[in-house]
Amino acid sequence: MIKKPDSLIHYYRLRAPEYEQIYYRDIPAKRKELADEGERLKGLVSRKTVLDLACGTGYWTEVISHTADFVVASDISAEMIGEARKKQYRRPPEFVRSDLYNPPFNAGAFDMVTLGFWFSHEPRQNYDGFLKILKPLVKTDGLIWMIDNNPPAEGPDLQSVGRDEYGNNYKQRFLDSGEEFAILKNYFSPDQLREILSPHFVVKSLIFNECYWSVILRGA
Ligand SMILES: C[S@@+](CC[C@H](N)C(=O)[O-])C[C@H]1O[C@@H](n2cnc3c(N)ncnc32)[C@H](O)[C@@H]1O
């Protein structure tokens, strides 16, 4: 029986201790794309003040900490932040537990905002509202980086369990315990990404690989 969780938050709280397995599956194409993006990200954030939103277990926070001047890592889940705190960082981030729809940061506080594997969970009907929340967080010439999955990155667990009235896709997901969830997870083509993002940002770069896509955005 599939449980439709009240929210994604509940699912990720439960998933926190096992979440990082996704990064270490022995699939060479995935590993290479992640490693390449990690190197690119280190260059992008170099000497910058960065907000890693929905930081989860801190996988990208750790990458960012190699070269950034200062990193704030924020997530709504205390369990995720607890996992992230266990990591070693080149420069220890400041962790802030907060809701990305109500970020407790001053406008223009960051050179860059990073967002790993979030946009696919954002409901389609909220895109404009969400992008309007993101934009003021960075300085006028600041950048936003996002990475997310294409279907091949999702491993054997690909099954869609339907769409809602807005066209959001729901996917079957299992925790290690066997507990089953239906999670909102949308996939995009490059054209769809440009159509969604361009009204709000200049799309400086859009990389669309087999397993992952990533974008670098600047306020238009
Ligand atoms: C797919 S994980 C991504 C984690 C990390 N960014 C990464 O790339 O590995 C999604 C994260 O979003 C967090 N999250 C869910 N709803 C949120 C909200 N409203 N505000 C902030 N974080 C939220 C979850 O707790 C989870 O850590």
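**Notes on the model**

1. In this predicted model, strands β1 (residues 49–53) and β2 (residues 70–75) run parallel to one another and are joined by 5 bridges. Within this pairing, Val50 of the structure lies opposite Val71 in β2.

2. The two strands belong to an open sheet of 7 strands with mixed pairing, arranged in the order β3-β2-β1-β4-β5-β10-β9. The edges are formed by β3 and β9 (201–208); each has a single partner strand, so one side of each lacks a neighbour in the sheet. From one strand to the next, the twist averages 20°.

3. Helix α4 packs on this sheet, where it touches β2 and β3. The direction of α4 makes an angle of about 170° with that of β3.

4. Lys86 is located in the loop between α4 (78–85) and β3 (94–97). Is Lys86 buried or exposed? It counts as exposed, because Lys86 has 8 C-beta neighbours inside 10 Å, and the cut-off for an exposed residue is 12 or fewer.

5. The ligand is surrounded by 18 residues, of which the closest are Tyr12, Ala54, Gly56, Ser77 and Gly116. Two or more residues of this shell come from each of α1 (8–15) and α3 (59–65), and α1 supplies the largest share, 3 residues.

Key
Residues numbered from 1 in each chain as written. Predicted model: local features only at pLDDT ≥ 70, side-chain atom pairs only at ≥ 80, totals over all residues. Near = placed C-beta within 6 Å. Helix = DSSP H or I, 4+ residues; strand = E, 2+ residues; numbered from the N terminus. Buried ≥ 20, exposed ≤ 12 C-beta atoms within 10 Å, placed from the backbone. Pairing = 2+ DSSP bridges. Axes fitted to C-alpha atoms, helices over the stretch in contact; angles between N-to-C directions. Contact = placed C-beta atoms within 7 Å.
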